[in-house]
Amino acid sequence: MTHAPGTPRLLRRALHAPEASRSNALPAGAWWLWALGLATAASRTTNPLLLGLLVGVAGYVVAARRTDAPWARSYGAFIKLGLFVIALRLLFSVFLGSQIPGSHTVFTLPELPLPDWAQGVRIGGRVTAEQLVFSLYDGMKLAALLICVGAANSLANPARLLKSLPGALYEAGVAVVVAMTFAPNMVADVVRLRTARRLRGRPTGGVKAVAQIGLPVLEGALERSVAVAASMDARGYGRTADVPPAVRHTTNVLTLGGLLGVCAGTYGLLAAQGAGYGLPVLLAGLVAAMAGLRLGGRRSVRTRYRPDRWGVRAWLVAGSGAVVAAAMIWAGSVDPEALHPGVVPLTAPELPLWPAVAVLVGLLPALVAPVPPTARGAASVPPTPRGRGFEEHDRSGKEQA
């Protein structure tokens, strides 16, 4: 079997990630679907090796495809929040006890006597290694889930995500976008006014200073609100089409019932006992909610400026997260002991091979997603030793002379 001479070159060009621009940027929904797939996988296991692998996959993709936008700096905050959750879970286990039996005593705290109606609850007492390991696994699961959600916050543009909302949620999306736009401006106004008062030698603290700073800030916010309202009115915002009452009632029933189904199905997927009904309920809720939003969009007469288009790369990014979630759910039904290592008796966790390989599918966005300009520039310009660069420059100058 022979291949055309240009086949490998065309294949490399198709797999080569282009530089990100406004025309080929991934939709925010693709990043959220990828991150939610990783978060679903994290919620199905307490194996610390798999959880660490999921966090590593999310961190690598964020490091490879993160931009310099303000929202892209939130990933570090989610990592700190995850570490805080682990520490808090261990602290609760130490002081409030645990139902996990154990024979390896680490230390013993003074126990506070409680009344008879508080049976099953204790404060202080014996702390075992088994309960600490169980609390550590439980805290790591929640921390990994938070970090995966933080990856979506760092990679997805929130304004573009809200702009892609269906027509039925247009008013809510505009309100959130306006709030997200004005909140940083108000903070910047407060900082600017405090700096100006400090340069003039006036106090920046106290009730009097806060009152004097708050009035210009509120005045500026009011002026911006009036300007935005005028621009929205000039663009025809608020126009609605005539929709029959039967369609409105059907829209409300489908939307509310669909969202309730999505909540129940999501809970079933995240809970260990709801794997059987979670996925069907989630799919039924999504279908009902999408039908309701489709009908509700008829009353909103508007056009979209540069709508986000779902290309092959966006589907690959979203599909990689779905593959990770589906593989972890299936592994939980086939071999649950590998995903939930025992703590009584204490045993070292083992890394299951094919669930770990499935988690590595989540690295696909780092290969197919468009590369931000800053990351491309940093990767394409290798560091040059200072002395060697000056020597070559001097040598080339002398040869030209």
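View 1. Aspartate 138 forms the salt bridge with arginine 89, and the closest N and O atoms are 3.2 Å apart. Side chains of opposite charge can pair when their charged atoms come close.

The model is a prediction in which local features need pLDDT of at least 70 and side-chain atom pairs count only at pLDDT 80 or more, whereas totals for chains, interfaces and linings use all residues. Residues are numbered from 1 along each chain as its sequence is written, and side-chain values use heavy atoms, with hydrogens and water left out.

**View 2. Serine 93 in helix H4.** Serine 93 is found in helix H4, where helices (H or I, at least four residues) and strands (E, at least two) are DSSP runs numbered from the N terminus. Serine 93 counts as buried because its relative accessibility is 1%. Not counting residues up to four places away in sequence, serine 93 touches Ser98, Gln131 and Ser135, a contact being heavy atoms within 4.5 Å.

**View 3. The largest nonpolar core.** A nonpolar core is a set of buried Ala, Val, Leu, Ile, Met, Phe, Trp, Tyr and Cys residues joined through side-chain atoms within 4.5 Å. The largest one has 37 residues, of which Trp31, Trp34, Leu38, Leu54 and Val317 touch the most other members. At least two residues each come from helices H2 (28-43), H3 (48-65), H5 (129-155), H11 (312-334), H13 (353-360) and H14 (365-368), and H2 gives the most, with 9 residues. Leaving aside neighbours within four places in sequence, leucine 38 is in contact with Leu54, Val57, Ala58, Cys148, Gly321 and Val324. Cysteine 148 counts as buried because its relative accessibility is 1%.

View 4. The 23 residues of H11 should span 33 Å at 1.5 Å a residue, and the end C-alpha atoms are 32 Å apart, which agrees; the expected span is 1.5 Å times one less than the number of residues. The buried residues of H11 include Ala314, Val317, Gly321, Val324 and Met328. The buried residues of this helix pack against H2, H3, helix H12 (336-339), H13 and H14.

**View 5. Confidence along the chain.** The protein averages a pLDDT of 77, and 73% of the residues score at least 70, pLDDT being the predictor's confidence in each residue, from 0 to 100. Among the elements of the protein, H3 has the highest mean pLDDT (93) and helix H16 (residues 386-400) the lowest (40). Over residues 376-401 the pLDDT is below 50, and this stretch has 6 contacts in the model beyond near neighbours in sequence. Where pLDDT is low, the predicted coordinates should not be read in detail.

Notes:
Buried means under 20% relative accessible area, exposed over 50%, partly exposed in between (1.4 Å probe, protein chains only). A salt bridge is a side-chain nitrogen of Lys or Arg within 4 Å of a carboxyl oxygen of Asp or Glu.
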